[in-house]
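This briefing goes through one protein model by topic. Have the sequence and the 3D view open while reading.

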Amino acid sequence: MAAVLERVHATLTEVGGLSLTGLGDADVVRVLDELTSASSRLTRQVCRTAAEADQRRFGDTTGARHTHQRWAGRSRHTHAEAARLTRLGRAFEDDLHAPTGQALADGRIRIEQARVIVAAVDAIPTSVRCTDGSTRIIDPSARTQARDHLLKAASEHDAKALRRLGRRILDVVAPELGEAQEAATLAAEEARADAGVELTLTDDGHGRCHGRFTIPSHAGAMFKRHLQALANPARHTDDELRDEHGNWKPLHRRMGEAFVEYIERYPEDATPQTAGVNATVVITMTLEQLLGEHATALLDDGTRMSAAMARRLACEAGIIPAVLDGEGRVLDLGRARRLFTKAQRIALGLRDHGCTARGCETTASGCHAHHDDPWSNGGTTDLANGRLLCPRHHRLAHDPRYAKTVHADNQITFHRRT
């Protein structure tokens with residue numbers, strides 16, 4: 001055994017000493033393919049040995065509850081990964097899963113594929129309850145057929161695609177029962193999803209809010225599709241797609257910015273009502289703060305934002321500014337129509353064709369409707385006082401650090417104040 005392991009390490013050292021720079025493209029691809037296969041073969045032996053250690057209660061010598069706990073400490077695997085590899089090794093000892101283990105040992109499949117195949121085969125029930133209330137027994141040979149079908153499919157599909165095939169494997173091995181089983185599985189999943197819906201939001205006190213949520217898959221797919229549409233590079237200029245340092249924004253940041261835009265542009269008339277009042281955010285500020293360049297505004301939940309941000313949100317988002325005089329009396333609590341109507345948006349699109357910032361190529365569909373004379377300062381919501389601006393230039397229009405100039409051709413330019 002010591003001699004075999006020594007040869008393994010010697011071979012890996014030899015491979016590591018190979019110069020890849022002198023190889024042609026075809027040779028690099030071949031090395032990559034061969035090492036991928038060798039990695040799978042080696043992982044199979046890791047699983048086999050972990051299963052043997054588990055059989056011998058390897059963890060007992062140190063008082064560990066499970067073998068994988070002791071192995072994780074020695075190997076620096078996470079406990080979860082050590083447990084997964086050990087369970088897979090034990091599964092390969094079963095006659096049903098032995099061919100899957102052999103395929104991994106031969107380098108024909110990858111460890112992720114092996115996990116999917118084992119899980120899909122084990123998930124096949126012994127019986128299915130049909131829509132007429134009767135129960136049908138599933139032939140035990142269906143598991144063997146399912147395993148063989150997935151092993152064959154693994155030569156063309158990765159683990160993600162195999163998982164989709166595995167969910168509908170009864171359609172292949174027992175088509176007369178597949179639909180009934182899928183319906184029962186989906187109903188159970190949907191019930192669990194509905195019961196497990198949750199969302200938490202926490203403000204960190206430094207201008208950012210953090211959160212996590214769990215929602216049904218269909219709702220997640222719809223939400224993702226909406227954000228992807230907002231984050232679509234075709235809606236934005238090259239400058240908008242780059243960060244403060246000129247680097248291309250990664251997808252997760254563009255999706256985050258799309259999420260913010262999704263919230264800020266949610267139609268006010270579609271917001272739910274509580275006690276007859278739409279669920280809007282109220283910002284309280286004095287008239288001097290509203291007009292000032294270096295001022296803050298108070299939200300109705302006790303947090304604060306800059307007056308510039310308040311002015312921008314009042315332009316289009318679901319925000320009601322409660323403007324007070326010096327003695328705290330309400331001067332303005334919104335007006336009858338704050339947002340541009342659909343017809344007005346169409347008219348602005350026909351007139352402006354897109355963002356009116358000079359040099360910007362964002363189309364009308366990717367723009368906000370902006371009030372030249374701010375709505376928060378008494379400006380009217382009409383075409384003469386409106387223009388289209390992309391999200392980036394809309395932010396600049398409300399940024400006190402920038403001054404803007406409207407030219408005779410209705411184009412607008414910005415320059416930073418000195």
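**The second largest pocket**

The second largest pocket has 18 lining residues, and those nearest its centre are L5, L42, Q45, V46 and T49. The model is a predicted one.

- The space in the second largest pocket comes to about 670 Å³.
- Three helices, α1 (2-16), α2 and α3, each contribute at least two residues to the lining of this pocket.
- Among the contributors, α2 has the largest share of the lining, with 8 residues.
- Sorted by class, the lining of the second largest pocket holds 11 nonpolar, 4 polar and 3 charged residues.

**Nonpolar cores**

- The largest nonpolar core is made of 35 residues.
- Within this core, L88, I109, I117, L162 and L170 have the most contacts.
- At least two residues of this core come from each of these helices: α2 (25-55), α3 (67-75), α4 (79-92), α5 (98-105), α6 (111-122), α7 (141-153), α8 (159-167) and α9 (170-173).
- The biggest contribution to this core is from α6, which gives 7 residues.
- There is also a second, separate core of 12 residues, and A357, C367, L389 and A397 are included in this second core.

**Strands β12 and β13**

- Strand β12 (residues 368-371) and strand β13 (residues 386-389) are paired in the antiparallel sense, over 4 bridges.
- Opposite A369 stands L388 of β13.
- In β12, H368 and H370 point one way, while A369 and H371 point the other way.
- These four residues of β12 are all buried.
- Strand β13 is covered on both faces, with G386 and L388 buried on one side and R387 and L389 buried on the other.

- Strands β14 (402-406) and β15 (412-416) run antiparallel and are joined by 5 bridges.
- T405 has T413 in β15 as its bridge partner.
- The two strands, β14 and β15, form a hairpin, and 5 residues lie between them.
- N410 is in the loop between β14 and β15.
- Is the phi of N410 positive or negative? The phi of N410 is positive, near 75 degrees, and N410 is a residue other than glycine.
- Most residues other than glycine have a negative phi.
- N410 counts as partly exposed because its relative accessible area is 26%, between the cut-offs of 20% and 50%.

**R76, between two helices**

- R76 is in the loop that lies between α3 and α4.
- The phi of R76 is near 65 degrees, again a positive value in a residue other than glycine.
- R76 has a relative accessibility of 71%, so R76 counts as exposed; the cut-off for exposed is over 50%.

**H394, in a helix**

- Helix α16 (residues 391-397) contains H394.
- Why does H394 count as buried? H394 counts as buried because its relative accessibility is 1%, and buried means under 20%.
- The side chain of H394 makes a polar contact of 3.4 Å with the side chain of H398.

**D399, between a helix and a strand**

- D399 is found in the loop between α16 and β14.
- With a relative accessibility of 14%, D399 counts as buried.
- The side chains of D399 and R401 are joined by a polar contact of 2.7 Å.
- D399 and R416 are 17 residues apart along the chain, and their C-alpha atoms are separated by 9.7 Å.

**E244, in a loop**

- Where does E244 lie? E244 lies in the loop between α11 (217-231) and α12 (251-264).
- The relative accessible area of E244 is 61%, so E244 is exposed.
- The side chain of E244 is joined to the side chain of R253 by a polar contact of 2.8 Å.

Terms used. Residues are numbered from 1 along each chain as its sequence is written. This is a predicted model: local features need pLDDT of at least 70, side-chain atom pairs count only at pLDDT 80 or more; totals for chains, interfaces and linings use all residues. Side-chain values use heavy atoms; hydrogens and water are left out. Buried means under 20% relative accessible area, exposed over 50%, partly exposed in between (1.4 Å probe, protein chains only). A polar contact is a pair of N or O atoms within 3.5 Å; within protein, one must be able to donate a hydrogen and the other to accept it, and residues adjacent in sequence count only if both atoms are side-chain atoms. A nonpolar core is a set of buried Ala, Val, Leu, Ile, Met, Phe, Trp, Tyr and Cys residues joined through side-chain atoms within 4.5 Å. On a 1 Å grid over the protein atoms alone, a cavity is a set of points where a 1.4 Å probe fits but cannot get out, and a pocket is an open set with protein on both sides within 12 Å along at least five of seven lines; lining residues have an atom within 4 Å of a point. Grid points are joined across faces, edges and corners, and a volume is the space filled by probe spheres set on the points. Ala, Val, Leu, Ile, Met, Phe, Trp, Tyr, Cys and Pro count as nonpolar, Asp, Glu, Lys and Arg as charged, and the others, Gly among them, as polar. Two strands pair if DSSP finds at least two bridges between them.
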